[in-house]
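Subject: Structure handover and notes

Hello,

Here is the structure for you to look through. My notes follow below it.

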Amino acid sequence: MSGRRRTLLKVIVLGDSGVGKTSLMNQYVHNKFSQQYKATIGADFVTKELQIDDKLVTLQIWDTAGQERFQSLGVAFYRGADCCVLVYDVNVMRSFDSLENWHDEFLKQANPADPKSFPFILLGNKIDVDGGNSRVVSEKKAKEWCAAKGNIPYFETSAKEDYNVDPAFFCIAKAALANE
Ligand code: GTP
Ligand code: MG
């Protein structure tokens, strides 16, 4: 196979409605942020090319709907995923409690060959809100959850202030490439 072949990496972003999945992707790919909430319907993807070591990869990032009534994704959608990004809002406990469900749902639908080693990444978003005074999930608690799930990498982010977004997606790309 040609060494110049571009590698396509499929990444799926999951998490409760309103946690900022679309905003994180918009910040990462378009360097844009909007205060206005517009619910994602179904699923859509954006792509971003980046260099990892000497490899040029194309990240295909799938944004999904957090709202249940907009979820109509079949098993085929999850198949072939190289990495799963879970997102919660550090200011909303329910979004953290839902992670377990999103994690299990992904494994059930994607059915990866080796579920134990499949790469997940967790993002705790909206750390900018109220200068951090309204957060209800501590970094420690999030990291404990990640440790229990087999050492999932964890990033605290702000799509609004473009904090940690690039490093998070670089880690996602590397994890996806390693799994490819
Ligand atoms: P669904 O499409 O319904 O699943 O929601 P989503 O996870 O895509 O959330 P979305 O990106 O649409 O963001 C929801 C709201 O939160 C919007 O009003 C955003 O402007 C806001 N938001 C997203 N990220 C941040 C952030 O880091 N900080 C702040 N302050 N607001 C954010
Ligand atoms: Mg969305």
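Which residues does Leu123 touch, not counting residues up to four places away in sequence? They are Leu24, Val85, Val87, Phe155, Thr157 and Ala168. Contact here means that the C-beta atoms of two residues, placed from the backbone, lie within 7 Å.

Some ground rules. This is a predicted model: local features need pLDDT of at least 70, side-chain atom pairs count only at pLDDT 80 or more, and totals for chains, interfaces and linings use all residues. Residues are numbered from 1 along each chain as its sequence is written, while chains are lettered from A and ligands numbered from 1 in the order in which they are written.

**Around Leu123**

Leu123 is found in strand β5. Strands (E, at least two residues) and helices (H or I, at least four) are DSSP runs, numbered from the N terminus. Leu123 counts as buried because it has 29 C-beta neighbours inside 10 Å. The cut-offs: buried takes 20 or more other C-beta atoms within 10 Å of the residue's own, exposed 12 or fewer, and partly exposed lies in between, with C-beta atoms placed from the backbone. Leu123 also stands opposite Phe155 in β6. Asn164 is 41 residues from Leu123 in sequence, yet their C-alpha atoms are 9.7 Å apart in space.

**The sheet**

β5 belongs to an open sheet of 6 strands. The order is β2-β3-β1-β4-β5-β6, and the pairing is mixed. Two strands pair if DSSP finds at least two bridges between them. β2 and β6 (154-156) are the edge strands, and each pairs on one side only. On average, neighbouring strands are turned by 25 degrees against each other, direction ignored. Angles run from 0 to 180 degrees between N-to-C directions; axes are lines fitted to C-alpha atoms, for helices over the stretch in contact.

Now strand by strand:

- β2 and β3 run antiparallel and are joined by 10 bridges. Val46 has Ile61 in β3 as its bridge partner. The two strands form a hairpin with 2 residues between them. Asp53 in the turn has a positive phi of about 55 degrees.
- β1 and β3 pair in the parallel sense, over 7 bridges. Here Leu8 has Thr58 in β3 as its bridge partner.
- β1 and β4 are also paired in the parallel sense, over 4 bridges. Ile12 stands opposite Cys84 in β4.
- β4 and β5 run parallel, with 6 bridges joining them. Tyr88 stands opposite Gly124 in β5.
- β5 and β6 pair in the parallel sense over 3 bridges.

Helix α5 (residues 139-148) lies across β5 and β6. It runs at about 155 degrees to β6.

How enclosed is β4? It is largely enclosed by the rest of the structure, because 7 of its 7 residues are buried. Cys83, Val85, Val87 and Asp89 point one way. Cys84, Leu86 and Tyr88 point the other way. In a regular strand the side chains alternate between the two faces of the sheet.

**Helix α1 and its cover**

7 of the 10 residues of α1 are buried, so this helix is largely enclosed by the rest of the structure. The buried ones are Lys21, Thr22, Ser23, Leu24, Met25, Gln27 and Tyr28. Their cover includes β1 (7-14), β2 (43-52), β3 (55-64), β4 (83-89), β5 (120-125) and α6. After α1 comes Asn31, whose phi is positive, near 50 degrees.

Helix α6 (residues 165-179) packs against α1 at an angle of about 90 degrees, with the axes 10 Å apart. The two helices are therefore roughly perpendicular to each other (angles of 65 to 115 degrees count as such; under 35 is roughly parallel, over 145 roughly antiparallel, the rest oblique). Leu24, Gln27 and Tyr28 in α1 meet Val165, Asp166 and Phe169 in α6. By class, this contact has 4 nonpolar, 1 polar and 1 charged residues. Ala, Val, Leu, Ile, Met, Phe, Trp, Tyr, Cys and Pro count as nonpolar, Asp, Glu, Lys and Arg as charged, and the others, Gly among them, as polar.

**Ligand 1**

There are 24 residues around ligand 1. A residue is near a molecule if its C-beta atom, placed from the backbone, lies within 6 Å of it. Gly20, Thr22, Ser23, Thr40 and Gly66 come nearest. Helix α1 (residues 21-30) gives the largest share of the shell, 3 residues. By class, the shell has 6 nonpolar, 14 polar and 4 charged residues.

Best wishes
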